[in-house]
Amino acid sequence: MAFSSVFAAIRVRNRIFAFFCLVFFALTYLLFTNSSISSPLSFIESNARPNGVIIMLLAPNRLIQATKALMNAEDRFNRRLKYPYVLFSSEDEVSALTNEIRAKIHYITEGRATFATTTKESWDVPTDLDKARVEASLQNIGFRLGYRSMCRFYSGFFWRHPALAPYDWFWRLDTDIVFHCEVPYDPIQRLIESNALYGFVQASADADFVQPSLASNVSHFMSQNRDLISRDANHGFVWKDAASVERAFTGIAGIDDWTRMCMYNNFEISHRNVWESTLYTKFFEYLDKAGGFFYERWGDAPVHSFGLAMSLRKDQAFRVKSSICTAQPKYQHQGLPYECPQELDRCTCEREGVAASMSSTFVVAA
């Protein structure tokens, strides 16, 4: 009887010991699997990546360039973030996407790229425009029709394409971009954490001789839609001073009132709500009807900037910065000068011979 009591006590003790071991291992597992919560990349490890997509427009003469840009993006951040891609081509140019190019892109992006064709409505010159006036503009200002179609597509159509219907966030990159440094965080997530709806890397002045009537058309629109436009929006980004803002609202502002500043959108992150708002929709329709994308060369960057300046507060436009580097994530476009960071351990650029003064042109809008 005594032995049975001892054995019973041992069995109880063993069960208690086993229970506490299970609790210990369970707590240890939870501790280590949740240790990434404080990490800036915790959203990746918790499978809670924002519902975003990277978009790029492919031109036939830039396909090899595009593969290099995609490889660079994968190497610097997206092999880790694993955002899908939607790669656009116009209907007249899609045949340039050979099986070889498609296979290369499939390999580079690990199968995360989808090819899409722009609609004729979003790309072709509207049939109601004066063809002679369009031709005269091509001769006088330059910039081929394909470039102007691109500006119009990005100004008012890209987010409407069925290929982008599943996504909330759009991250635009161009084929001639280079990221010289590792991007150690998710810029889309950074926007979300900042309660922003639009992200950019740099702001710079755009040429006015190619779009002499853009500012006056924007002012006419503002005067006719005052009820839609908040006074709290970031009007000072595109209009020189308070007097220019008032002239814009009364419909008499022009090119001399325009700062010419625009958020450079060759690196652009935006939420679809920005473009689908009643204000921006009416704004683009007004500009499109005026014909300035083809009668002049209205750029998508200034059109976006005008539209966002009247629809977003300053704090809703976020300049993407690195948590390690003190400036941008070292993004370069079209081979233009850039500033190499002090921390070179995760960068491939060189500081010597680089135009550091370019940093003075990076105007912060948010």
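Predicted model: local features only at pLDDT ≥ 70, side-chain atom pairs only at ≥ 80, totals over all residues.
Reader: What makes H7 roughly parallel to H14?
Author: Their axes cross at roughly 25° and come within 8 Å. Angles under 35 degrees count as roughly parallel, over 145 as roughly antiparallel, 65 to 115 as roughly perpendicular, and the rest as oblique. So H7 is roughly parallel to H14. Axes here are lines fitted to C-alpha atoms, for helices over the stretch in contact, with angles from 0 to 180 degrees between N-to-C directions.

Reader: Which residues make that contact?
Author: H7 gives Met150, Cys151, Tyr154 and Ser155; H14 gives Asp300, Val303 and His304. Contact means heavy atoms within 4.5 Å. By class there are four nonpolar, two polar and one charged residues. Ala, Val, Leu, Ile, Met, Phe, Trp, Tyr, Cys and Pro count as nonpolar, Asp, Glu, Lys and Arg as charged, and the others, Gly among them, as polar.

Reader: What angle do H9 and H14 make?
Author: H9 (residues 214-224) and H14 (residues 300-309) pack at about 25°, axes 11 Å apart. That value makes H9 roughly parallel to H14. Their crossing is right-handed.

Reader: Which classes meet between H9 and H14?
Author: Leu214, Ala215 and Val218 of H9 touch Pro302, Val303 and Phe306 of H14. The tally is six nonpolar, no polar and no charged residues.

Reader: Why is H3 called roughly parallel to H4?
Author: The axes of H3 (residues 63-81) and H4 (residues 99-108) cross at roughly 10° and come within 10 Å. That angle makes H3 roughly parallel to H4.

Reader: Which residues join H3 to H4?
Author: From H3 come Leu63, Ile64, Thr67, Leu70, Met71, Glu74 and Arg79; from H4, Ile101, Lys104, Ile105 and Ile108. The classes are seven nonpolar, one polar and three charged residues.

Reader: What makes the phi of Phe143 stand out?
Author: Phi is near 70°, a positive value in a residue other than glycine. Most residues other than glycine have a negative phi. Phe143 lies in the loop between H6 (131-140) and H7 (145-156).

Reader: Is Phe143 buried, exposed or partly exposed, and why?
Author: Its relative accessibility is 35%. Buried means under 20% relative accessible area, exposed over 50%, partly exposed in between (1.4 Å probe, protein chains only). Therefore Phe143 is partly exposed.

Reader: What makes Asn195 buried or exposed?
Author: Asn195 has a relative accessible area of 61%, so Asn195 is exposed. Asn195 sits in the loop between H8 (187-193) and strand S6 (198-200). Its phi is positive too, near 55°.

Reader: How many residues of the whole protein count as buried?
Author: Of the 366 residues, 51% do. The protein has 14 helices and 11 strands.

How values were computed: Residues numbered from 1 in each chain as written. Heavy atoms only, no water. Helix = DSSP H or I, 4+ residues; strand = E, 2+ residues; numbered from the N terminus. Left-handed = near helix turned anticlockwise from the far one by under 90°.
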